[in-house]
Amino acid sequence: MKALRWYGRNNVRVESVPDPGIVNPHDAIVRVTSTAICGSDLHIYDGYIPSMQAGDILGHEFMGEIVEVGPEVRSLRPGDRVVVPFTISCGACFFCKNELWSLCDNTNPNAWMAEQTYGYSPAGLFGYSHAFGGYAGGQAEYVRVPFADVGPLKVPAGIPDDRLLFLTDIFPTGYMAAENAGIRPGDTVAVWGCGPVGQFAIKSAWMFGAGRVIAIDRVAERLRLAEQEGRAESINFETNRDVTGQLKQMTGGRGPDCCIDAVGMEAHGGSSLDAMYDRVKQAVRMESDRAHVLREAIQSCRKGGTVSLAGVYGGFIDKMPMGAAFNKGLTLRMGQTHVPRFLKPLLRRIEEGEIDPSFVITHRLPLDEAPAAYRMFREKDDGCIKVVLTP
Amino acid sequence: MAAADRRGPGGWLGRTSDKNVHQWERAASVAAGAALSGLALWRRGWTGVALALAGGDLLWRGLSGNCWCYRLLGVNTARTGAGRRAVMRHRESIKVEHSVTVDRPVEELYRYWRRLEHLPRFMEHLVSVHELDGHRSRWVAKAPAGRTVEWEAEIISERENELIGWRSLPGSEVATAGSVRFAPATGGRGAVVAVSLAYDPPAGPLGAAVARLLGEEPARQVADDLRRFKQVIETGEIATNEQVLSEAGAP
């Protein structure tokens, strides 16, 4: 089969690899009909995710058709159309039973690696480095899906892939960011980052009863999408460098009640002092993550407010404004998305026409053109916001 | 709870506070740190402070050879292949303790473990265990170069749903002892399984083979074995990223 493989920093290739097969009794093989490039794939592409190996198959947003199931799979059969969560969950451990699906105890074969860095290992993920299990990803023609009864959701035939694909990650991720933000009716919600996850966080904030949503980015077409599709007010941090001051002014001196970081470890932060510091330290590998947005969100958040992190952090950050977080009594919530928890409720919203997630798609390309698509997405060329690939 | 120690001179776990940055990287860190610090003096104001902070960190990393970020990420660019092999030449007794919480009642876990023939399913270095009678058993384990080592063991203590203890029979080529304890976890959240293993390898080529039974990192080996035990019990399979079934069958 064809698959997109990682060979190093900014180096991915489409190559022919052996087809996957059933290995464990709860496995299924999915023939991919649509797959997407995620913003978090760019962290791998840029070389900031450790424990990648040359030849690893990338991709964790994919859907398709079941072509084969293992002997213990009960709820699926060949021909079923499924969306597959990017997190792999066993369904039987303490964490899965408590709906903390992305923290599953039993799906990371390389748990010892994650334990070295994090103390305990989270769930295995598709196509996201060996510390997260070393599973082959979904930017391929076929994928081996472990515990097929637990994660994947059967979806109806009438709805096109474009509307369903983002149930695998970015729609639930934006939705969980809004849920974690503890939005109460009438709250002002500030969202840093207007990439696809930020766009879904904005849409979801309204679903939780936000009174006002303010979007922060520097890319004109992304801010425009946040305004038009997301009905958000916007701050361009390149023309308006004092984001905290601007937010304070816009909220009558109080600050946003809820702050969502939909950027994560590769924040740009323009020419701010802490962003320059991060760049120097990250370049010499003394700090793994650039946390400009997190610092700004903590600084901007109103007293007693909540900061919710949806953007990925992988390692260590410096100069965390802990005093501001502590003395303002902030709540911080974060984590990889517990995708299965959100699949059915969000599918229902799609079926009822409340939201059409395809609004973020700007490019549709064949899998063969994935390397060029990565470049374009990384550079945000050609107004690129979200790329969907067809194997 | 995990502990591993190699008793005797030169215990290598004591080396964790040692250098973890390669000498070339250290030199580069010193140079870059000095340059940034110099720049900091020239660029006053907040930019200078930022440069000085970063420069100071770099200088410290270069001069000490110790990078906390590397340490927490488990990276070590100072350790060479030759150094690691040298460490393994020591043949001292190995003792490992580890525990895992499994979401099942104590009785079920005890029953599974008491059938010693189940152990190779999740203990990677074991080939087979055959129970000879109610107390004695014959163990076969993997050794380097496709060889195996064998020994006989007996159960020396047994309390239903609490404890199983075993040791190799006197006169065996391999001196080994182990125990597994079972206890209900707090709040009815399954059970805690705690394993303690000790090997006392003899001298000679066989000893070298036995010293490798538990791999270069015995604590990790036992931790991984227990993780597989939990996976087998909770999910009925062992997680793997293999793309196709290997000739040896399911993992």
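Biologist: How many salt bridges does the rule find across the interface of chain B and chain A?
Modeller: Three salt bridges turn up across that interface. Do keep in mind that this is a predicted model.

Biologist: Which residue of chain B does D105(A) form a salt bridge with, and how far apart are the closest N and O atoms?
Modeller: The partner of D105(A) is K230(B), and their closest N and O atoms are 3.0 Å apart.

Biologist: And how many residue pairs are in polar contact between the two chains?
Modeller: Twelve residue pairs are in polar contact between chain B and chain A, counting pairs with both residues at pLDDT 80 or more.

Biologist: Which helices of chain B each supply at least two residues to the side that touches chain A?
Modeller: Those are α2 (45-64), α3 (68-73) and α8 (218-235) of chain B. Of the elements there, α2(B) gives the most, with eight residues.

Biologist: What does that side look like by class?
Modeller: The side of chain B that touches chain A has 17 nonpolar residues, eleven charged ones and seven polar ones.

Biologist: Let's zoom out. How many residues does the contact take from each chain?
Modeller: Chain A brings 46 residues to the contact and chain B brings 35.

Biologist: How much area do they bury between them?
Modeller: About 3500 Å², with 59% of it on carbon and sulfur atoms.

Biologist: Which residues in chain B lose the most area to chain A?
Modeller: In chain B, those are E237(B), N241(B) and Q243(B), which together account for 19% of what that side buries.

Biologist: What lines the largest one?
Modeller: Residues of chain B: M123(B), H125(B), W139(B), W151(B), W166(B), T176(B), L197(B) and Y199(B). By class, that lining has six nonpolar residues, two polar and no charged.

Biologist: And which residues line the second largest cavity?
Modeller: That lining is made of chain A residues, among them V84(A), P85(A), F126(A), F147(A) and G151(A). The classes there are eight nonpolar, three polar and no charged.

How values were computed:
Residues numbered from 1 in each chain as written. Chains lettered and ligands numbered in written order. Predicted model: local features only at pLDDT ≥ 70, side-chain atom pairs only at ≥ 80, totals over all residues. Heavy atoms only, no water. Contact = heavy atoms within 4.5 Å. Buried area = accessible area lost by both parts, 1.4 Å probe. Salt bridge = Lys/Arg side-chain N within 4 Å of Asp/Glu carboxyl O. Polar contact = N/O pair within 3.5 Å; in protein donor to acceptor, adjacent residues only side chain to side chain. Helix = DSSP H or I, 4+ residues; strand = E, 2+ residues; numbered from the N terminus. Nonpolar A, V, L, I, M, F, W, Y, C, P; charged D, E, K, R; others polar. 1 Å grid on protein atoms, 1.4 Å probe; cavity = no way out; pocket = protein on both sides within 12 Å on 5 of 7 lines; lining within 4 Å.
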